[in-house]
Each structure stands twice: as C-alpha cells, then as structure tokens.
Amino acid sequence: MKNLMVYFSWSNNTKKLVEKVNQKFKFDVVRIEKTIPYSSDYDKCAYVEAKEEVEKKIHPSIKDINVDVNEYDNILLFFPIWWYTFPMPIGTFLEQIKGFQGKVYLFANSYTNDPQYMINSFKDCKQIDAKMKFEKGLFNKGIEEHLKFIGGLK
Ligand SMILES: Cc1cc2nc3c(=O)[nH]c(=O)nc-3n(C[C@H](O)[C@H](O)[C@H](O)COP(=O)(O)O)c2cc1C
C-alpha cells in the first residue's frame, strides 16, 4: 500500500504535524503552495485574500507538484480549516487530480473544534469530483492518534 502525504499550511501548524507524523512513516510528501503566496500578514491573508477565495470558490494557481498521484493507493491530505472549509489551494489540487482512483483521506486542524468544518470539507471535496473516494481521516487530533490511524490504514 503506497501512501502520499499532501499538505497545505500557512502558519506551519499543519507542516509541523505532517513532519512529526512522517518521521515514523517516511512517505513521499508534497506541499501545496500558491503560485502567488498569501500575505504573511494575518489580517490581510484571512480577511481579504482567503475570505474572497472561499466566498467565491476561486481555486488559485498553485506551484507544480511534480508527482504522479496515480502511482499511489492513498493520498493523505492535510490542511487547516479556512473559513469553515479547506483552503482553496486544496481545491486547485483536487481539480488537478480529478479521476484519481485511490482513496483520499482528509486530515484537518483548526482553532475551533467544530465538527461542521469536516462536513463542509467533505461536501466541498465531493463537489469537485463526486466519484473520488474521500475518506474520514482525523480532525484536531494529536500525533499519537495520527500514528495509530495511519499505521492501521489498509
Ligand atoms: C485564512 C484563515 C482562516 C481561518 N479560518 C478558520 C475557521 O474558519 N475556523 C477555525 O476554527 N480556525 C480558522 N483558522 C485557524 C486555522 O485553522 C488554525 O490556526 C490552523 O492550525 C492553522 O494551520 P497552519 O499553521 O498549518 O496554517 C483560520 C486561519 C486562517 C489563516
């Protein structure tokens, strides 16, 4: 079973989580980055750039990921919640891999522990590709839970 970890991170919480989890598994890892980066200023990033993208469902251009996802059985997709769903560069990535036959596990983290965020994220993923197999990963869980969950993937 071949797994690819894919993540987006702005303030590096997700990046740190992915790196710690992957110290054990050593999967291939891809970071999704916007071609024109978000502002490093929180207010500008959150209340101007990201807000507009989420509200208008704009999938911004992202840097080339240089990986053929079809070589993998599972994609472990890690992201922070942005405005109640996934950040729009995740949407761009999903558009790019439309038709992927494997499973895509969603792992999210956010400031508030609101289960609605995962419901929204799944719904928005399905809107991009209704046939892709999106699976429940974890929401706002620590390292140990991730190690256990991912270690048990078949
Ligand atoms: C643009 C933006 C929007 C956010 N929207 C939400 C939100 O709707 N709900 C929430 O609980 N946290 C929200 N957050 C907080 C992040 O989900 C949280 O800080 C996350 O751990 C950041 O991950 P990162 O460091 O990998 O970017 C938002 C943060 C940013 C920058």
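**Reading contacts, sheet and core**

Modeller: Leaving out residues up to four places away in sequence, Met 118 touches Leu 106, Ala 108 and Phe 139. Keep in mind that this is a predicted model.

Colleague: Where does Met 118 lie, and is Met 118 buried or exposed?

Modeller: Met 118 is part of helix H4. Met 118 counts as buried because 21 C-beta neighbours fall inside 10 Å, and the cut-off for buried is 20 or more. As for distance, Met 118 and Ser 11 are 107 residues apart in sequence and 20 Å apart in space, C-alpha to C-alpha.

Colleague: Which residues touch the most other members of the largest nonpolar core?

Modeller: The general idea is that nonpolar side chains tend to be buried together in soluble globular proteins. Here the largest nonpolar core has 38 residues, and Leu 77, Phe 78 and Ile 90 touch the most other members. The elements giving two or more residues to this core are strands E1 (3-7), E3 (74-80), E4 (103-109) and E5 (133-139), together with helices H1 (13-25), H3 (88-96) and H4 (116-128).

Colleague: What does Leu 77 touch?

Modeller: Not counting residues up to four places away in sequence, Leu 77 touches Val 6, Ile 90, Val 104, Tyr 105, Leu 106 and Phe 107. In the sheet, Leu 77 stands opposite Leu 106 in E4.

Colleague: What is the order of the strands in the open sheet?

Modeller: Strands of a sheet pair through backbone hydrogen bonds, either parallel or antiparallel. In this model five strands form an open sheet in the order E2-E1-E3-E4-E5, and the pairing is parallel. Strand E2 (28-31) and E5 are at the edges with a single partner strand each, so one side of each has no neighbour in the sheet. On average, neighbouring strands of this sheet are turned by 20° against each other, direction ignored.

Colleague: How many bridges join E1 to E2, E1 to E3, and E3 to E4?

Modeller: Four bridges join E1 to E2, five join E1 to E3, and seven join E3 to E4. Met 5 shows how to follow a residue across the sheet: Met 5 stands opposite Val 29 in E2, and the bridge partner of Met 5 in E3 is Leu 76. E1 is mostly covered, with four of its five residues buried.

Colleague: Which strands does H1 lie across?

Modeller: H1 lies across E1, E2, E3 and E4, and runs at about 145° to E3.

Colleague: Why is H3 described as largely enclosed?

Modeller: Seven of the nine residues of H3 are buried, so the rest of the structure largely encloses this helix. The buried residues are Met 88, Pro 89, Ile 90, Gly 91, Thr 92, Phe 93 and Leu 94. They pack against E1, H2, E3 and H4.

Colleague: Where is Ile 32, and what is in contact with Ile 32?

Modeller: Ile 32 sits in the loop between E2 and H2. With neighbours within four places in sequence left aside, Ile 32 is in contact with Val 6, Tyr 7, Phe 8, Ile 62, Pro 89, Ile 90 and Phe 93. Pro 89 is 57 residues from Ile 32 in sequence and 7.0 Å away in space, C-alpha to C-alpha. Ile 32 is buried because 20 other C-beta atoms lie within 10 Å.

Colleague: Which residues come nearest to the ligand?

Modeller: Of the 19 residues around the ligand, Ser 9, Ser 11, Asn 13, Thr 14 and Pro 80 come nearest. H1 and helix H2 (42-56) are the elements that give two or more residues to this shell. By type, the shell divides into ten nonpolar, eight polar and one charged.

Colleague: What is the phi of Asn 66, and what is the phi of Asn 140?

Modeller: Most residues other than glycine have a negative phi. Asn 66 has a positive phi of about 55°, and Asn 140 also has a positive phi of about 55°.

Colleague: Where do Asn 66 and Asn 140 lie?

Modeller: Asn 66 is in the loop between H2 and E3 and is exposed, with 6 other C-beta atoms within 10 Å. Asn 140 lies in the loop between E5 and helix H5 (143-151) and is partly exposed, with 17 other C-beta atoms within 10 Å.

Methods
Residues are numbered from 1 along each chain as its sequence is written. This is a predicted model: local features need pLDDT of at least 70, side-chain atom pairs count only at pLDDT 80 or more; totals for chains, interfaces and linings use all residues. A nonpolar core is a set of buried Ala, Val, Leu, Ile, Met, Phe, Trp, Tyr and Cys residues joined through C-beta atoms within 7 Å. A residue is buried if 20 or more other C-beta atoms lie within 10 Å of its own, exposed if 12 or fewer, and partly exposed in between; C-beta atoms are placed from the backbone. Two residues are in contact if their C-beta atoms, placed from the backbone, lie within 7 Å. Two strands pair if DSSP finds at least two bridges between them. Axes are lines fitted to C-alpha atoms, for helices over the stretch in contact, and angles run from 0 to 180 degrees between N-to-C directions. A residue is near a molecule or strand if its C-beta atom, placed from the backbone, lies within 6 Å of it. Ala, Val, Leu, Ile, Met, Phe, Trp, Tyr, Cys and Pro count as nonpolar, Asp, Glu, Lys and Arg as charged, and the others, Gly among them, as polar.
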